[in-house]
Amino acid sequence: QVQLVESGGGSVQTGGSLRLSCVVSGDAYSTRCMAWFRQAPGKEREGVAVISHSGTTSYADSVKGRFTISRDSPKNIMYLQMNSLKPEDTAMYYCAARGPCWVSPSTPIIGSEYINWGQGTQVTVAS
């Protein structure tokens, strides 16, 4: 069984930064591929970033150059460093995990491929 617990959300001004964390516990095989998603009120869930077990990454176009996904495998923690935040980044952010995946910079981030999800952490960016 896999448990994912997000933290680090909050309220910031436009241009500010936040770092989200996702603490992972459970079956290591089922968490080899991990991702961040977000969902704003009235909008569909959006894949933000994904990282493979080997550290390769892919990002949504909307966050490229501003967000960085990383993982500390020995500590079982995944991070999302968010810089130059914009009001349109306001959303509930979720971490998700699944078994092994192959990731290139153009890999799409698709929610239906993930079976393990955290409860989410709210990010609000004021204009």
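Which residue does a disulfide join to Cys33? The partner is Cys101, with an S to S distance of 2.0 Å; a disulfide here is a pair of cysteine sulfur atoms within 2.5 Å. This is a predicted model, where local features need pLDDT of at least 70, side-chain atom pairs count only at pLDDT 80 or more, and totals for chains, interfaces and linings use all residues. Residues are numbered from 1 along each chain as its sequence is written, and side-chain values use heavy atoms, leaving out hydrogens and water.

**Fold**
- The chain has zero helices and 11 strands; helices (H or I, at least four residues) and strands (E, at least two) are DSSP runs, numbered from the N terminus.
- Buried residues make up 45% of the 127 residues, where buried means under 20% relative accessible area with a 1.4 Å probe, protein chains only.
- Among contacts (heavy atoms within 4.5 Å) between residues at least 6 apart in sequence, 63% join residues at least 24 apart.

**The Cys33 and Cys101 link**
- The torsion about its S-S bond is about 85°, so this disulfide is right-handed.
- It links distant parts of the chain, 68 residues apart: Cys33 lies in strand β4 (residues 33–39) and Cys101 in the loop between β9 and β10 (116–117).
- Both Cys33 and Cys101 are buried.

**The Cys22 and Cys95 link**
- Here the S to S distance is 2.1 Å, and the link is right-handed with 55° about the S-S bond.
- Cys22 sits in strand β3 (residues 18–25) and Cys95 in strand β9 (residues 91–98), 73 residues apart.
- Cys22 counts as buried because its relative accessibility is 0%.

Key
Buried means under 20% relative accessible area, exposed over 50%, partly exposed in between (1.4 Å probe, protein chains only).
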